Amino acid sequence: MTRLKSRFLVDLLIRRAEAAGGFAAILAKGDDTSGIILVQCSDRGEPGPLLERRFGPDGHYIWEDVGPTDAKDGESRTNYQERRRRADPDLWIIELDIADAPRLVAEWAALT
């Protein structure tokens, strides 16, 4: 199975968000080839889930809701992202601000 490079997937997500009238930005650049992708979802500035793309037990990618349970706890959310980045400097962190951001991530994930 051919795996798409992380940089390509990040660029694709940013283009899809902008085409749908949303905003997306790279908060932390990871490894271009195989970096894990963490998406910080929000809707008009209201924080939503943190979604992380990981390998599942079957060898395919899955998306998991990770981080603090209270999305509105900005300090906990920031601390979680900083800990993840220190543990994995190849990690991409993407900010996605669009209505129903998890739906857009799911649609994007289906393409990959």
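Predicted model: local features only at pLDDT ≥ 70, side-chain atom pairs only at ≥ 80, totals over all residues.

Biologist: Thanks. What average pLDDT does the chain have?

Modeller: The chain averages a pLDDT of 88, and 96% of the residues score at least 70.

Biologist: And which elements have the lowest and the highest mean pLDDT?

Modeller: Helix α3, residues 101-111, has the lowest mean at 80, while β1 has the highest at 96.

Biologist: Back to the sheet. In what order do the strands come?

Modeller: The order is β1-β5-β2-β3-β4, in an open sheet of 5 strands with mixed pairing. At the edges you find β1 (23-28) and β4 (61-66), each of which pairs on one side only. From one strand to the next, the twist averages 25°.

Biologist: What holds strands of a sheet together in general?

Modeller: Strands pair through backbone hydrogen bonds, and they can do so in a parallel or an antiparallel way.

Biologist: How many bridges join β1 to β5?

Modeller: There are 5 bridges between β1 and β5, and these strands run antiparallel. As one example, Ala25 has Glu95 in β5 as its bridge partner.

Biologist: Is β5 mostly buried or exposed?

Modeller: Buried: 5 of the 6 residues of β5 are buried, so the strand is largely enclosed by the rest of the structure.

Biologist: Let's look at Phe23. Where does Phe23 lie, and is it buried, partly exposed or exposed?

Modeller: Phe23 lies in strand β1. With a relative accessible area of 44%, Phe23 is partly exposed, because that value falls between the 20% and 50% cut-offs.

Biologist: Which residues does Phe23 touch, leaving out those up to four places away in sequence?

Modeller: Phe23 touches Ala17, Glu95, Leu96 and Asp97.

Biologist: Which residue other than glycine has a positive phi of about 50°?

Modeller: That would be Arg44. Arg44 sits in the loop between β2 and β3 and is exposed, with a relative accessible area of 71%. Asp100 also has a positive phi without being a glycine, with a value near 55°. You'll find Asp100 in the loop between β5 and α3, where Asp100 is partly exposed at 44% relative accessible area.

Biologist: Switching to rings: how many aromatic pairs does the structure hold?

Modeller: The structure holds 0 aromatic pairs. There is a contact of another kind to look at, though: Arg53 lies over the face of Tyr61, at 3.3 Å from the ring centre.

Biologist: Okay, helices. Which strands does helix α2 lie across?

Modeller: Helix α2, residues 74-87, lies across β1, β2 (37-43), β3 (46-55), β4 and β5. Relative to β3, helix α2 runs at about 20°.

Biologist: Where is Arg84 placed, and why does Arg84 count as buried?

Modeller: Arg84 is in helix α2. Arg84 counts as buried because its relative accessibility is 16%, and buried means under 20%.

Biologist: What does Arg84 touch, again leaving out residues up to four places away in sequence?

Modeller: Arg84 touches Ile36, Glu52 and Leu91. As for Gly67, which is 17 residues from Arg84 along the chain, the two C-alpha atoms are separated by 9.5 Å.

Biologist: Great, thanks for the tour!

Key
Residues numbered from 1 in each chain as written. Heavy atoms only, no water. Pairing = 2+ DSSP bridges. Helix = DSSP H or I, 4+ residues; strand = E, 2+ residues; numbered from the N terminus. Axes fitted to C-alpha atoms, helices over the stretch in contact; angles between N-to-C directions. Contact = heavy atoms within 4.5 Å. Phe/Tyr/Trp six-rings, centres within 6.5 Å; stacked < 30°, edge-to-face > 60°. Lys NZ or Arg CZ within 6 Å of the ring centre and 35° of its normal. Buried < 20%, exposed > 50% of the residue type's maximum accessible area, 1.4 Å probe, protein only. pLDDT = per-residue confidence, 0-100.
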